[in-house]
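Reader: Hi! Could you take me through the salt bridges here, slowly and in plain words?

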Amino acid sequence: MPVQSKEAPKDKFSLRLLADTVAAYIAGAAVAPIISAVDRGLAENASGKQALLPSFVNSMKAMVARPVTFFTSPQFFWIWLVYGSTYAAANTCQTICDRRKQDVAIPKLMSTFVVNTTTCIAKDQAFAKMFGTKAAAAVPMQSYAIWLTRDILSMGVFFTLPPIAGKKIAEVTGNERSGYYVAQFFCPLVFQTFLTPVHLLGYDVYNHPNNTIAQRIQFLGKDYWKNVGMRCVRQAPPWSIGTIGNSELRKYFTNKFTA
């Protein structure tokens with residue numbers, strides 16, 4: 001009996017981690033199509049290869065007309081890797097902290113930041129090479145530094161700011177939970193007015209390394225609101241809809257695997 005009582009929790013813990021991973025990559029696959037289309041559009045628009053909206057529409061048409069090709073393409077897999085891995089980091093961190101009876105806020109912020117930043121920068125490097133107008137070349141350190149800055153700011157907006165802003169919003173809504181949901185949904189979108197230029201600057205440095213500051217400002221001002229709008233379309237699936245879906249799938253698979 002003592003042996004069985006020790007083994008059971010280990011088995012449950014392993015199954016919980018499995019549920020975390022399965023839920024994460026299903027949620028990641030669900031949000032990847034639209035995000036990959038937006039990111040390709042932003043990359044091609046930044047390089048001058050194709051305008052933003054036509055590129056986005058072409059990706060959506062390709063998904064419908066040639067689904068097997070689309071869902072086995074690097075364009076899809078890179079985004080799936082980024083968000084599936086980020087959700088998996090958040091889920092498994094939650095499970096481990098729950099087991100240790102440890103506060104999850106800082107560990108979850110750090111784990112998701114490291115995983116999201118690492119995979120996102122690798123994805124940006126791949127997209128810049130796949131959808132740029134020049135022959136594939138080494139991505140300059142300036143681009144990496146810019147994208148790292150973007151991700152540090154983004155993780156703060158996505159994970160740290162909503163609980164703080166949610167408490168203020170709750171004073172209006174009268175409910176802390178609804179206040180948090182409002183903040184979680186809108187913070188990533190509102191801050192795209194600042195984060196979008198940072199994101200695109202990394203592409204401009206890669207595509208036009210010799211541009212002057214004036215030329216970079218002119219580039220960032222071109223199609224500014226269109227780019228911000230598309231980035232908002234891109235951020236809503238992973239950081240509001242996707243996180244909710246990941247949470248619900250995690251509960252479902254945890255119940256199924258540990259019942």
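Author: Let's start with a term: buried means under 20% relative accessible area, exposed means over 50%, and partly exposed is in between (1.4 Å probe, protein chains only). This is a predicted model, where local features need pLDDT of at least 70, side-chain atom pairs count only at pLDDT 80 or more, and totals for chains, interfaces and linings use all residues. Residues are numbered from 1 along each chain as its sequence is written, and side-chain values use heavy atoms, with hydrogens and water left out.

Now, a salt bridge is a side-chain nitrogen of Lys or Arg within 4 Å of a carboxyl oxygen of Asp or Glu. A search of the whole structure turns up eight of them.

Take E44 and R40 to begin with: their salt bridge has its closest N and O atoms 3.2 Å apart. Both sit in helix 1, four residues apart, which is about one turn of the helix. E44 counts as buried because its relative accessibility is 2%, while R40, at 26%, is partly exposed.

Next comes K123, which pairs with D39 at 2.6 Å between the closest N and O atoms. This pair links distant parts of the chain, with K123 in helix 5 and D39 in helix 1, 84 residues apart. K123 is buried at 0% relative accessibility, and D39 is buried at 1%. These two also belong to a network of salt bridges that links D39, K123, D124, R150 and D151.

Notes: Helix = DSSP H or I, 4+ residues; strand = E, 2+ residues; numbered from the N terminus.
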